[in-house]
Structure formats: structure tokens, C-alpha cells
Amino acid sequence: MKRIDNKSDLIKELNILRNKAKTIGFVPTMGALHEGHLSLIKYSNKQNDITVISIFVNPTQFNDKKDYQRYPRIVEDDIKKLEKAKCDFLFTPSEQEMYPENDTREFDFDNLDKAMEGKFRPGHFRGVALIVSKLFEIVGPTRAYFGEKDFQQLTVIKHLVKTLNIPVEIVPCPILREPDGLAMSSRNMLLSPTERKHVPLIFKTLTEAKEKAKTLSVQETKDWVVRSINADPLLKIEYFEIVDDTKLESVTDWKNKNTSVGCIAVHVGNIRLIDNIRFNL
Ligand code: AMP
């Protein structure tokens, strides 16, 4: 695997490969890699000649400065995992490299950015769009891989490439979980051992909510989820929304269960975790 910090070097290397008609799969990340990230690389390796991963903790998508400062940065560990995963290029740019000057672009997300994460993390999706559009320009991928763990982000990115006419195929990838159901996340390593014991309640609640939805209304299901999470003194729910999977508009009845997704954000001490579940079947 080649590690490159400099965008012009990466552009040169990838141009040579593109001229040989090689397809390029791209996996953008913020590092502290886990099996969830590595599964994206596996999908990319299967579908493309070359796989590029980026590791960049993007300051513009953090609305909470402390969250940005404490975000885990363990590139040397990440490199070992990437060597095993057979990744071809690792791009690790500096902040100066990605933001040589203030990027003042604004984006129209057609309200996809207004609910859920957008409501509680103002400016978050603008930051995501800034970095992803820059990275796409540098890498010029054939396909880019995004986890369904960040369901709203995936929806926003699909919209972004459509409206900006970016010629890339966005490939959604399923959520990888720990054996106890906890969605894998770089932030999990920041949990104390006690907190770690409590957080499986998040996925347990989502799974039970799917059962409850067979007899309860949408509102009753939402209320039940809030009570279930808040019954644990270490957990505090920020939101639980049931939305349709394209417009992310609130669902008010179960007429379209097949396209309904329940999205949750929970605070555990000073760590914030998100997860989601589909209500189909
Ligand atoms: P992050 O490093 O958190 O920005 O995530 C980089 C990419 O990995 C995003 O597309 C995430 O949705 C994806 N990802 C993160 N956690 C998981 C997971 N548990 N399963 C599948 N994909 C994930």
C-alpha cells in the first residue's frame, strides 16, 4: 500500500492508472478503523481494480469542538489493518492540504439536512459536503462506498452527486455490528467499560421496536423507544425519528413500512452514538 499526504501526488498516481482503464473504488473515512470500515474496503476490492481510502478528521463537519479534539487518531494502527485488507492507496492529507483557504461554498440539500443530525449538529452536512466533494475531485473514483450506519449522510451524498453531476456511483454498504449488536463506530473506543456494558440497549431497543411496530402506531412506537432508552440511567436519547428512506420525511403511519427507517441518536456520558433500523418485514 502506498501512503500519500499530498493531493497532487495522488492525482498523478491515479491518472496513470485511469489511463490504463483501471477502475477506482474510494472509501472516505476519519480513521480509527474497525471492521465496518474494512468491510467497505472489501466491497471496493471486489468491484474495482484499485482501492483508495482516505483518513482525515474533517474539522468543518464537527459542530462540537470537544468532539473534534477527542476524536481518536491512531494512523499507525490503521495502517496495519489496511495492509492486511489489501488497500492500494492511503490518502492522509493535512488540514492545510484540504483547506488551503476558507471554503465558503453552500449547498442545497433539498431539506435532507434539516431533520435529525442536521437539527442537532448545525452545519454538519455542509462540512461533509465540503470534504466529500473535494475528495471526489482529487480521487475521481468510479465508485465510492458509504455505510448505512450513517443513513442520513448516505442520503445527503446521493443527493449531492446527483445535483452536482459528479460522475461516481455511490455504493451503500450494510451496518457491521459487534456480537452484542452495538453498531461498530470509532467513538465506541471512547466509552468507559461501564458505559460499554450499557450501550447494547440501543440496538436491542431498535430490534424490539420492529416487533412493537406490528401492533403499535408510529407515534406509540416512537414513545416506546424513548422510554426504553431513557429507562437506563447512563443513556439519554437525543432523537428517535421514523422517516422514509429517500426524502427523510417523518412517517406518520405504517402504510409504507418497506421504506421506513428508524434513526436514533443517544448520549452516553459525553459520547454520542447513532444507529438505525429498517422496519421492512
Ligand atoms: P467514519 O470514519 O465514521 O467517517 O466512517 C467512514 C465510513 O464508514 C462511512 O461511510 C460510515 O458510514 C462507514 N461506517 C462507519 N461505521 C460503520 C459500520 N459499523 N458498518 C458499516 N459502515 C460503517
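Colleague: Why is Phe-62 called buried in this structure?

Modeller: In this predicted model, Phe-62 has a relative accessible area of 11%, and since buried means under 20%, the residue is called buried.

Colleague: What makes the pair of Phe-56 and Tyr-99 tilted?

Modeller: The search of the whole structure finds eight aromatic pairs, and in this one the ring centres are 6.4 Å apart, with the planes at 40 degrees.

Colleague: Where in the chain do Phe-56 and Tyr-99 lie?

Modeller: Phe-56 is in the loop between strand 3 and helix 3, whereas Tyr-99 is in the loop between helix 5 and helix 6, so that the pair links distant parts of the chain, 43 residues apart. Phe-56, at 7% relative accessibility, counts as buried, and Tyr-99, with a relative accessible area of 12%, is buried as well.

Colleague: What makes the pair of Phe-62 and Tyr-68 edge-to-face?

Modeller: The planes of Phe-62 and Tyr-68 stand at 65 degrees, with the ring centres 5.3 Å apart, and because edge-to-face applies over 60 degrees, the pair is given that name.

Colleague: How do you know that the charged end of Arg-73 sits over the ring of Tyr-68?

Modeller: The charged end of Arg-73 is 4.8 Å from the centre of the Tyr-68 ring, which is within the 6 Å cut-off for a charge over a ring.

How values were computed. Residues are numbered from 1 along each chain as its sequence is written. This is a predicted model: local features need pLDDT of at least 70, side-chain atom pairs count only at pLDDT 80 or more; totals for chains, interfaces and linings use all residues. Side-chain values use heavy atoms; hydrogens and water are left out. Rings of Phe, Tyr and Trp (its six-membered ring) pair if their centres lie within 6.5 Å; planes under 30 degrees apart count as stacked, over 60 as edge-to-face and the rest as tilted. Helices (H or I, at least four residues) and strands (E, at least two) are DSSP runs, numbered from the N terminus. Buried means under 20% relative accessible area, exposed over 50%, partly exposed in between (1.4 Å probe, protein chains only). A charge sits over a ring if NZ of Lys or CZ of Arg is within 6 Å of the ring centre and within 35 degrees of the ring normal.
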